[in-house]
Amino acid sequence: MANQQLTIVARILAKPEKRELVKSELIKLIAPTREEEGCINYDLHQDNENENLFLFYENWTTRELWQKHMDNPHIAAYMKATEGAVEDFALHEMTLVG
């Protein structure tokens, strides 16, 4: 299972007054992440009814390469830039079943 493809669904709920800050910082993650080893896709979505809600849908060749991604400087920069601006965050590691 260690070498099985990993799907990540990350749900980010921005504080209303910080929505544009969070959105711009999330967008900054896209280009460098898509260049990373193991990244199959890294797609950011914004909810049509709640504009404060963002979702990343990601696929990685292995969990190990996703974990390497999480240790990258652009992730640390995002965390610092959005400190106190995110109301809720949930991350789901998932496996395709069908």
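**View A. Asp88 and its salt-bridge partner Arg11 in the predicted model.** Asp88 has a relative accessibility of 36% and therefore counts as partly exposed in this structure, which is a predicted model. Its side chain forms a salt bridge with Arg11, and the closest N and O atoms of the two residues are 3.1 Å apart. Because Arg11 belongs to strand S1 and Asp88 to strand S4 (residues 86-94), the pair ties together parts that are 77 residues apart in sequence. Arg11, at 30% relative accessibility, likewise counts as partly exposed.

View B. The structure holds seven salt bridges, including one between Arg34 and Asp43, where the closest N and O atoms lie 3.2 Å apart. Arg34 is partly exposed, its relative accessible area being 44%, and Asp43 also counts as partly exposed, at 26% relative accessibility.

**View C. The largest nonpolar core and the surroundings of Phe56.** The largest nonpolar core has 18 residues, and those with the most contacts inside it are Ile12, Val22, Leu26, Leu29, Tyr42 and Phe56. Two or more core residues are given by each of strand S1 (6-14), helix H1 (19-34), strand S2 (39-46), strand S3 (53-60) and helix H3 (73-81), and the largest share, five residues, comes from S1. In soluble globular proteins, nonpolar side chains tend to be buried together. Phe56, when its neighbours within four places in sequence are left aside, is in contact with Ile8, Val9, Ala10, Ile12, Leu26, Leu29, Ile30, Tyr42, Asp43 and Leu44; Asp43, listed among these contacts, is also the salt-bridge partner of Arg34.

**View D. The contact between helices H1 and H3.** The axes of H1 and H3 come within 10 Å and cross at roughly 180°, so the two helices are roughly antiparallel to each other. On H1 the contact is made by Leu21, Val22, Glu25, Leu26, Leu29, Pro32 and Thr33, and on H3 by His74, Ile75, Tyr78 and Ala81. Sorted by class, the residues of this contact are eight nonpolar, two polar and one charged. Val22, Leu26 and Leu29, which take part in the contact with H3, are also among the residues with the most contacts inside the largest nonpolar core.

View E. Not counting residues up to four places away in sequence, Ala85 touches Ala14, Lys15, Lys18, Leu21 and Val22. The C-alpha atoms of Ala85 and Leu13 are separated by 9.0 Å, although these residues are 72 residues apart along the chain. Glu37 lies in the loop between H1 and S2 and is exposed, with a relative accessible area of 54%. With residues up to four places away in sequence again not counted, Glu37 touches Trp60, Leu65 and Lys68. The C-alpha atoms of Glu37 and Pro73, 36 residues apart along the chain, are separated by 15 Å.

Conventions: Residues numbered from 1 in each chain as written. Predicted model: local features only at pLDDT ≥ 70, side-chain atom pairs only at ≥ 80, totals over all residues. Heavy atoms only, no water. Core = buried A, V, L, I, M, F, W, Y, C linked by side-chain atoms within 4.5 Å. Buried < 20%, exposed > 50% of the residue type's maximum accessible area, 1.4 Å probe, protein only. Helix = DSSP H or I, 4+ residues; strand = E, 2+ residues; numbered from the N terminus. Contact = heavy atoms within 4.5 Å. Salt bridge = Lys/Arg side-chain N within 4 Å of Asp/Glu carboxyl O. Axes fitted to C-alpha atoms, helices over the stretch in contact; angles between N-to-C directions. Parallel < 35°, antiparallel > 145°, perpendicular 65-115°, else oblique. Nonpolar A, V, L, I, M, F, W, Y, C, P; charged D, E, K, R; others polar.
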